[in-house]
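Subject: Handover of a structure

Dear colleague,

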Amino acid sequence: MNAEFFAFSILSVFAIGGAVFFLNSVRVMHMAISLAFTFFSLAGIYFLLQAEFLAVVQVLIYAGGISILMIFGIMLTKPEEGSPGRSFQYHQWISLATIISFFVIIMVIIYQSPIFTPAEKVSSPSVQQIGSILFKQYAIPFELASILLLVALIGAIVLARKEQK
Amino acid sequence: MDALLLYLGPVILLFIVLGFVTYAILAERKVIGWIQGRIGPNQVGPWGLLQTVADILKLLIKEDTIPKNADRSLFKLAPILAFVPSFAVLAVMPFSSRIQFANIGVGLLYYMAISSITTIGILIGGWASNNKYALLGGMRSAAQMISYEIPLVLSVVGIVLTVGSLNLNEIVAAQQKTWFVFPQIIGFVVFIIASVSELNRTPFDLPEAESELVAGYHVEYSGFRFAFFMLAEYVYIFAMSSLTTVLFLGGWNAPFGLTFLPGIVWFIIKFALVVFFLYWVRATMPRIRVDQLMQFAWKVLLPLALANIVITTLLKEVPFFTLYY
């Protein structure tokens, strides 16, 4: 058992543990914190895979930005608000079916991808390489994503304006 | 030997940082005292040298109170979440050409990412206290830290463009001839203002504005949990001053070829100057209003930082300036 395996076990247990806490918590604030914990553990796994840039961006955007935004929103609600009522039975069955199909799809993709062939030595991509691929090869999808974000931003402003009136 | 240093190094650094915090607090009170024509603490020990030690001892032996209606687990978690990132960011800081713990390729981004976790700790601390002043302080703090993080990150993009790397060692190596404070003067000004705000210090100390919010997010905290919040704040002063030195003041590089002093001494001199500047600003400036705070970040600092990026990219192509950009 080498150090890498040890670190991976700890990080994956943390990530799954955060997700379990997220599902089992009663208070919304606890859910947000456990979600942030899961995001942070995933960043650790990215670090193990030598994807430094991805790991740091994961911390910056998910563990930092999105979690803070969620907590910020939740803070404005009353802390006494307990758990919402139990959802309907058929609702749970639909969720179960969706989850199982999602699991099957993910498993099919995993077994079709060449992960299980012996991997050749992978060097960690530098920030320059990621940048040039992003801006040359995938320039149009990248710009489309930024337009999508801009539209979402304008939409949020429009919604906030409407509420003011 | 190397393995021993790997495990002992962080412990030694922790003690250095704790020693720094102890005497930074004393120095701050002394400097502000002198600027305001007072003497400052002078009773405990010679020249008041043991003042902070006595203060910390008092905090440690205080009763540990948790409000009845507080969220107990989160209340206990918040000081830890606020402190741990402040120490974790020091891992990538190159103090001299040899003293550094982790030389990772995205060191600069690592600092920015990890330091944003502290905001979660402050927010939870404010929320879990179940107190309206704490909640308001936490909200203000989160809004402020998010707003000022953007100009902070954008102001260093000019340096990243010039060096072509996010690695802090390469950034220092690129400053052997000219420190980035000269070509990146706009970026430097934006960075200093945004970093004072990220440190929650006067004139941007709205999260703990004692005259209006009692104490802000840590109003319900006492004893060693309060000490942890304060510790996090001062460790961030250590980290931010180191980062300013590394990014803009040439790190361990000696000015004017004065290499008879070792690099670490130059680093400490520049670092001490930055820390003194922070005290000076605190003693001089009044606190700004909360509406001015947001407007200043979004309408002044952000456009300036963006303009700095554009200017840097343009000057990178002009023949004479390519020496500096």
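Two residues are taken to be in contact if their C-beta atoms, placed from the backbone, lie within 7 Å. Please note that this is a predicted model.

On that criterion, the contact between the chains takes 18 residues from chain A and 23 residues from chain B. On the side of chain A that touches chain B, α2 (28–48) and α3 (52–75) of chain A each supply at least two residues. The largest share of that side, twelve residues, comes from α3(A). By class, the side of chain A that touches chain B comprises 14 nonpolar residues, three polar and one charged.

As for chain A itself, it has six helices and zero strands, and its pattern along the sequence reads α-α-α-α-α-α. Of its 165 residues, 14% are buried. Among the contacts in chain A with a separation of 6 or more, 51% are accounted for by residues 24 or more positions apart.

The largest nonpolar core has 103 residues. Those with the most contacts inside this core are A:V56, A:V59, B:L109, B:Y110 and B:A239. Its largest share, 14 residues, is contributed by helix α11 (residues 223–248) of chain B. Leaving aside residues up to four places away in sequence, A:V59 touches A:F40, A:A43 and A:G64, as well as B:A113 and B:I114 of chain B.

Helix α5 (residues 117–128) of chain B packs with helix α6 (residues 132–155) of chain B at an angle of about 160°, and their axes are 7 Å apart. Because angles over 145 degrees count as roughly antiparallel, α5(B) is described as roughly antiparallel to α6(B). The crossing of α5(B) past α6(B) is left-handed. Residues making this contact include B:I122, B:L123 and B:W127 of α5(B), together with B:L135, B:M139 and B:M145 of α6(B). By class, the contact of α5(B) with α6(B) has eight nonpolar residues, six polar and no charged ones.

Finally, a note on one loop position. B:I99 is found in the loop between α3 (72–88) and α4 (107–115) of chain B. B:I99 counts as partly exposed because 14 other C-beta atoms lie within 10 Å. Although B:I99 and B:G9 are 90 residues apart along the chain, their C-alpha atoms are separated by 9.5 Å.

With kind regards

How values were computed:
Residues numbered from 1 in each chain as written. Chains lettered and ligands numbered in written order. Predicted model: local features only at pLDDT ≥ 70, side-chain atom pairs only at ≥ 80, totals over all residues. Axes fitted to C-alpha atoms, helices over the stretch in contact; angles between N-to-C directions. Helix = DSSP H or I, 4+ residues; strand = E, 2+ residues; numbered from the N terminus. Parallel < 35°, antiparallel > 145°, perpendicular 65-115°, else oblique. Left-handed = near helix turned anticlockwise from the far one by under 90°. Nonpolar A, V, L, I, M, F, W, Y, C, P; charged D, E, K, R; others polar. Core = buried A, V, L, I, M, F, W, Y, C linked by C-beta atoms within 7 Å. Buried ≥ 20, exposed ≤ 12 C-beta atoms within 10 Å, placed from the backbone.
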